[in-house]
Amino acid sequence: MENSADCDILELEKLAESLRKHKESHPQRRPIVIEFSGSPKAGKTSCINALMIFLRRNGLNVSLVQERASICPVHDKRSPMFNIWTACSSLSGMIEVLESRPINCDILILDRGVFDALCWFSWLNTQKHMTDSHRNNVENFFLLPEFTRLIDIVFVFECDAKTSIEREHATLLTKKLGSIMKPNVLSQYLNAIEYTVEKHGNNFIRIERIDTSKSEQNQVNKEVTSRALEILRDLLMEKIGYINPDLELKTKLLSQRITPFSELDNLLTAFDFDFRETVEATEEFIQPVPIAIITDASRSKVLVVKKNKRSTGADSPEKSKLLMYVGGHSRIEDTHNMPIISFLSICRETLAREIKEEIGISVVLDDITPYVIYTPDNPKSKQHLAICFIVERDLDDISIKLDQSELILNRGGSESGKFFPVDELGHNIHKLESWGIELLKEVFHVDVNPQADANQAIGGFVNDECEQLEQLALTWENI
């Protein structure tokens with residue numbers, strides 16, 4: 001008969017296996033990032049090793065950014081430069097993994113990172129090794145949302161000073177205390193953790209505090225492994241943005257297929273978020289999809305991509321079509337640590353992330369007002385609304401790196417990842433989906449004449465929608 005420990009392990013293995021299978025059908029856009037922080041001898045390193053072994057043996061790819069304190073060239077551990085160097089080294093290690101193409105891991109573990117550095121800055125400040133001004137300036141850099149949004153969870157290990165020193169002595173041949181392993185220093189550091197959680201906790205997506213003073217190491221390992229798997233599950237079962245349009249908005253969207261955002265600004269005010277499966281199964285929901293056209297200043301050429309079979313369903317309007325845009329759904333993590341949350345700010349944050357993930361370039365979208373495109377030509381299109389930003393760049397200075405899990409790579413005779421003359425696209429509209437056709441007409445002023453039967457089908461669909469809206473309006477008036 002299995003004991004409780006064996007049952008716990010089997011449950012973790014089942015969860016890991018279900019996530020591995022889900023990941024095969026739903027490619028992960030980026031690794032989840034887990035930072036381990038905390039007081040010395042709290043069990044952090046042992047837990048990292050156990051977690052990495054478990055994940056790797058259960059089919060998940062793991063990378064580790066190791067703690068850099070042991071190789072720091074600054075010998076004085078009380079010097080602010082010691083902590084600045086180790087924090088910058090950890091940050092650069094994280095960025096190196098996340099910016100590589102392709103990314104070859106599911107989970108990235110940081111053995112001390114941004115949060116840990118903030119704890120040490122607090123301690124240095126209280127011990128008069130760092131001025132208030134110096135600490136604030138350095139903290140503001142490490143607290144940039146561009147960094148903190150990348151860390152999905154911080155596990156903070158805590159252990160009382162007496163137990164930490166006992167654990168230290170149990171593995172050494174001397175009772176002499178080190179520069180940090182002293183009761184007063186350890187207690188001060190625990191206070192620094194408390195202060196950092198209270199002051200900066202809201203800057204991070206999740207912080208989990210684990211007191212290991214009275215816990216067995218195996219118990220801690222199971223707890224952390226379970227939470228890590230739950231986070232991975234939440235990210236794979238992503239929550240995407242949607243709107244539930246009222247009659248006024250839907251009537252406006254159906255009145256014309258492409259509209260400047262300024263004409264709808266007062267109607268597009270907020271996103272809601274739910275699991276992708278729920279949103280896609282609810283017919284009345286419309287999913288805003290921020291997209292970008294990458295073009296030159298004269299708008300004579302445009303980047304064209306094509307999605308691979310794994311990333312498009314059988315009923316997708318994008319299936320086997322050339323796309324004049326890149327982009328994707330808003331996810332709930334796009335709203336994290338955002339100073340002002342609005343419909344447009346979420347779209348910009350989403351699109352900057354999507355452009356980086358899909359084609360590997362960084363863009364600023366704050367000065368661009370988008371178009372809104374709604375082409376309800378079929379049930380799938382009826383549920384999606386394009387929020388299109390026109391991004392003008394010097395095409396000679398752009399180096400495109402396509403995400404191979406999402407897009408067909410620019411190899412051989414592939415048209416994906418190339419800059420096409422706009423006029424040429426105008427002569428090949430049968431290769432484009434409906435958003436691209438509307439963009440050619442409105443933004444690039446190309447004379448486009450879709451086939452008559454396509455127009456007839458579209459017109460019939462829209463007329464049916466309008467009739468339904470008119471009937472609904474009459475019902476409301478009677479009420």
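**Figure 1. Cysteines in the predicted model.** Cys119 has a relative accessibility of 0% and therefore counts as buried. The model shown here and in the other views is predicted. Cys347 is likewise given a relative accessible area of 0%, so this cysteine is buried. The cut-off for buried is under 20% relative accessible area. Searching the whole structure turns up zero disulfides.

**Figure 2. Phe121 and Phe142, a tilted ring pair.** The structure holds 13 aromatic pairs. In one of them, the ring centres of Phe121 and Phe142 are 5.9 Å apart and the planes meet at 35°, so the pair is tilted. Planes under 30 degrees apart would count as stacked, and over 60 as edge-to-face. Phe121 belongs to helix H4 (residues 114-126) and Phe142 to helix H5 (residues 132-142). The pair therefore ties together parts that are 21 residues apart in sequence. Both Phe121 and Phe142 are buried.

**Figure 3. Phe141 and Phe147, an edge-to-face ring pair.** Here the planes of Phe141 and Phe147 stand at 70°, with ring centres 5.3 Å apart, so the pair is edge-to-face. How exposed is Phe141? Phe141 is partly exposed, at a relative accessible area of 38%. Phe147 has 12% relative accessibility and so counts as buried. Ring pairs join Phe121, Phe141, Phe142 and Phe147 in a cluster.

**Figure 4. A lysine over a phenylalanine ring.** Lys239 sits over the face of Phe275. The distance to the ring centre is 5.0 Å.

**Figure 5. The second largest pocket.** This pocket has a volume of about 1100 Å³. Its lining is made up of 44 residues. Which residues are the closest to its centre? They are Arg276, Glu280, Ser311, His329 and Glu406.

**Figure 6. Helices and residue classes in the lining of the second largest pocket.** Several helices give two or more residues to the lining: H1 (4-25), H9 (217-236), H11 (276-281), H12 (343-359), H13 (379-382) and H15 (434-442). Which element gives the largest share? Helix H11 does, with three residues. Sorted by class, the lining of the second largest pocket has 17 charged, 16 polar and 11 nonpolar residues.

Note on methods
Residues numbered from 1 in each chain as written. Predicted model: local features only at pLDDT ≥ 70, side-chain atom pairs only at ≥ 80, totals over all residues. Heavy atoms only, no water. Phe/Tyr/Trp six-rings, centres within 6.5 Å; stacked < 30°, edge-to-face > 60°. Helix = DSSP H or I, 4+ residues; strand = E, 2+ residues; numbered from the N terminus. Buried < 20%, exposed > 50% of the residue type's maximum accessible area, 1.4 Å probe, protein only. Lys NZ or Arg CZ within 6 Å of the ring centre and 35° of its normal. 1 Å grid on protein atoms, 1.4 Å probe; cavity = no way out; pocket = protein on both sides within 12 Å on 5 of 7 lines; lining within 4 Å. Points joined across faces, edges and corners; volume = space filled by probe spheres on them. Nonpolar A, V, L, I, M, F, W, Y, C, P; charged D, E, K, R; others polar. Disulfide = S-S within 2.5 Å.
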